[in-house]
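Subject: Structure handover

Hi,

My notes follow below it.

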Amino acid sequence: MKETIRIAAGQGFWGDLPDAPVRQVEGGPIDYLMLDYLAEVTMSIMQKQKARDPNAGYARDFVPLMKRILPACVERGIKVTANAGGVNVRGCADAIIAVARELGLAGKVRIGIVTGDDIMSRIDELLSRGIELRNMDNGEPLSSVRESIQSANVYLGAAPLVEALNHGAQIVITGRATDTGLTLAPLIHEFGWAADDWNRLAAGTIAGHIIECGAQCSGGNCQFDWRNIPNLADVGFPIAEASPDGTFVITKHEGTGGRVNIPSVKEQLLYEMGDPHEYITPDCVADFTTIHLQDDGRDRVRVYGIEGRPATEFLKVSISYSAGYKAVGTLVYAWPDAYEKAQAANKILRARLDRLGLYFDHVLTEFVGASATHGPLAGEPRADAPEVQLRVGVRGQDRSAIERFTKEIAPLILTGPPAVTGFAGGRPKVEEIVAYWPALIPKSEIKPMVEVLDA
Amino acid sequence: MRVQLVKLAHARSGDKGDTANVGLIAMRAEGYPILVREVTAERVKQHFQDMVRGDVERFELPNLGALNFLLHESLGGGGTLSLMTDAQGKTFSTALLRMEIEISDNEARKLELN
């Protein structure tokens, strides 16, 4: 058994710095590269892509990336865990196999694929058996949006990834797997942690939580002493250097920018935190009130003392459904009296929308530069502000009403208050809203499937 | 004396549906008991006024010298439903740091704030 395993995070979300994973592979020693591609509504985008093209439906960026890094990964034995498979894990794996062959690596790469997360085709059957898939946030039964569902995927935990790794997979591709499982699985595989070793499973889960947002734990978006965080232009993405006993060090490659210190790690630990006593994943329940941090030298923070409890009997389901349409229009008003002008323009716009008899579920006006983020806490806007942006959004079920709204923004330039600009982009776009419906399903309903393929 | 939270704490916020969370972290260990005493769920609810329509919940993490707040019904429906610039609640962190609290001169000295 190795004394430590270094797991490097390469993407904090789908669309993060494209070169970050390459730099993780080339910038120093690592054992695993972990890539998190799936945000809450990503699956529905992929479902739509697959409906148009049966070969699509996964994170396409993953393929050219693997083309760049696969030779180095094979040479140095670096393994990859990625939830890049979206709603077409097999298609994603086929694309990676094609890349491996193209690079002359046929027979040298084993690819593990994890499926069984997609329950879209089982929804009616589940509902008919009384599994209601109620919305975890508001308690509504799924039947209320049944006709609008676009995708339904269970968050799978680390176990099926571990199985793929145990069968010699070098690249493990999943659909909707948890971000934390992508980090925990390699640790279970390497260190042989037992399925009921709750403290260690919790430790691996928390290591995953810290690095899953990429550079957000290594200096990015860090409020503490932000001015002095060095060289964010060349920010180093995080690495979890884990030991068999469940302790780990958060660090980054030498010579990279950014900063790993206790404040930067604390900020990330609290990110998107609910009840810190119970961070629930398919693998365990982690207790964030047991985490201890210790300075371990420059850009190194040691994490220890973590305790966990048994996993629950449920898995979380991520369901997406169509929820109407929205559009957002903006205009910029300049000095003098920028805020007053933006307010006047808003009144004019609202009066015109009323006269048109348009109905919206929600209309929101914000004044960017005055109060858009901090509302009344920002105090009375400065009378001499150089500019204020008027930003008006509408949401509703009737697409034509939203379309009509988009035609009312530009005319304000010639028919409203003066010193207005900022309309180079044309009419606002009408967007279809795909909303998120979190639910729970008994674990016994879900059977993850693992296959290992040779390139 | 009155002091703004930004002088003794840092913060990060994020979203879960229509709920924003704000992690409030004491910059120095001595500051944590002051945060526990002064930055109660009620005070935070008051501070945010109409920006938070639901309840405020508070959790203590003495091991990190931090408090976690859940601000329910504060993101205009949350996720893709929200029309807000900050639909993900990313700036609720600094909005909380605007809050003023009362500390003793002795505490101010310990935190080197005077």
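Which hand does the crossing of H7(A) and H8(A) have? The crossing is right-handed. Bear in mind throughout that this is a predicted model.

**H7 and H8 of chain A**

H8(A) covers residues 198–211. The two axes come within 8 Å. They cross at roughly 130 degrees, and that makes H7(A) oblique to H8(A). On the H7(A) side, the contact residues are A:Asp179, A:Thr180, A:Leu182, A:Thr183, A:Leu184, A:Leu187 and A:Ile188. They meet A:Leu201, A:Gly204, A:Thr205, A:Ala207, A:Gly208, A:His209 and A:Ile211 in H8(A). By class, this contact holds 7 nonpolar residues, 6 polar and 1 charged.

**H6 of chain A**

H7(A), residues 179–191, also packs with H6(A), residues 159–166. Here the axes come within 8 Å and cross at roughly 45 degrees. That makes H6(A) oblique to H7(A). This crossing is right-handed. H6(A) contributes A:Leu161, A:Val162, A:Leu165 and A:Asn166. H7(A) contributes A:Gly181, A:Ala185, A:Pro186, A:Ile188 and A:His189.

Which residues of H6(A) are buried? They are A:Pro160, A:Leu161, A:Val162, A:Ala164 and A:Leu165. Their packing partners in chain A are strands S3 (79–82), S4 (110–115), S6 (171–174) and S19 (449–454), along with H7. After H6(A) comes A:Gly168, with a positive phi near 90 degrees.

In H2(A), the buried residues include A:Thr42, A:Met43, A:Ser44, A:Met46 and A:Gln47. The buried residues of H2(A) pack against strands S5 (149–154), S14 (314–334) and S18 (431–442) of chain A.

A:Arg60 sits in the loop between H2 (42–52) and H3 (62–76) of chain A. Is A:Arg60 buried or partly exposed? A:Arg60 has 15 C-beta neighbours inside 10 Å, so it counts as partly exposed. A:Arg60 and A:Leu356 are 296 residues apart in sequence. Their C-alpha atoms are 43 Å apart in space.

Next, the pair formed by H3(A) and H4(A). H4(A) spans residues 89–102. The axes come within 10 Å and cross at roughly 30 degrees. The crossing is right-handed. From H3(A), A:Phe62, A:Val63, A:Met66, A:Lys67 and A:Leu70 take part. From H4(A), A:Cys92, A:Ala95, A:Ile96, A:Val99 and A:Ala100 do. This contact divides into 9 nonpolar residues, no polar and 1 charged.

**Domains of chain A**

The domain assignment gives domain 1 as 5–117 + 155–312 and domain 2 as 320–434. The centres of the two domains, taken over C-alpha atoms, are 39 Å apart.

**Chain B against chain A**

How many residues of chain B are in contact with chain A? There are 32, and they touch 41 residues of chain A. The elements of chain B that give two or more residues to this side are strands S2 (9–16), S3 (19–26), S4 (56–61) and S5 (66–71), plus helix H3 (92–97). S2(B) gives the most, with 6 residues. The chain B side divides into 12 nonpolar, 14 polar and 6 charged residues.

Best wishes

Terms used: Residues numbered from 1 in each chain as written. Chains lettered and ligands numbered in written order. Predicted model: local features only at pLDDT ≥ 70, side-chain atom pairs only at ≥ 80, totals over all residues. Axes fitted to C-alpha atoms, helices over the stretch in contact; angles between N-to-C directions. Helix = DSSP H or I, 4+ residues; strand = E, 2+ residues; numbered from the N terminus. Parallel < 35°, antiparallel > 145°, perpendicular 65-115°, else oblique. Left-handed = near helix turned anticlockwise from the far one by under 90°. Contact = placed C-beta atoms within 7 Å. Nonpolar A, V, L, I, M, F, W, Y, C, P; charged D, E, K, R; others polar. Domains from an automatic or database assignment. Buried ≥ 20, exposed ≤ 12 C-beta atoms within 10 Å, placed from the backbone.
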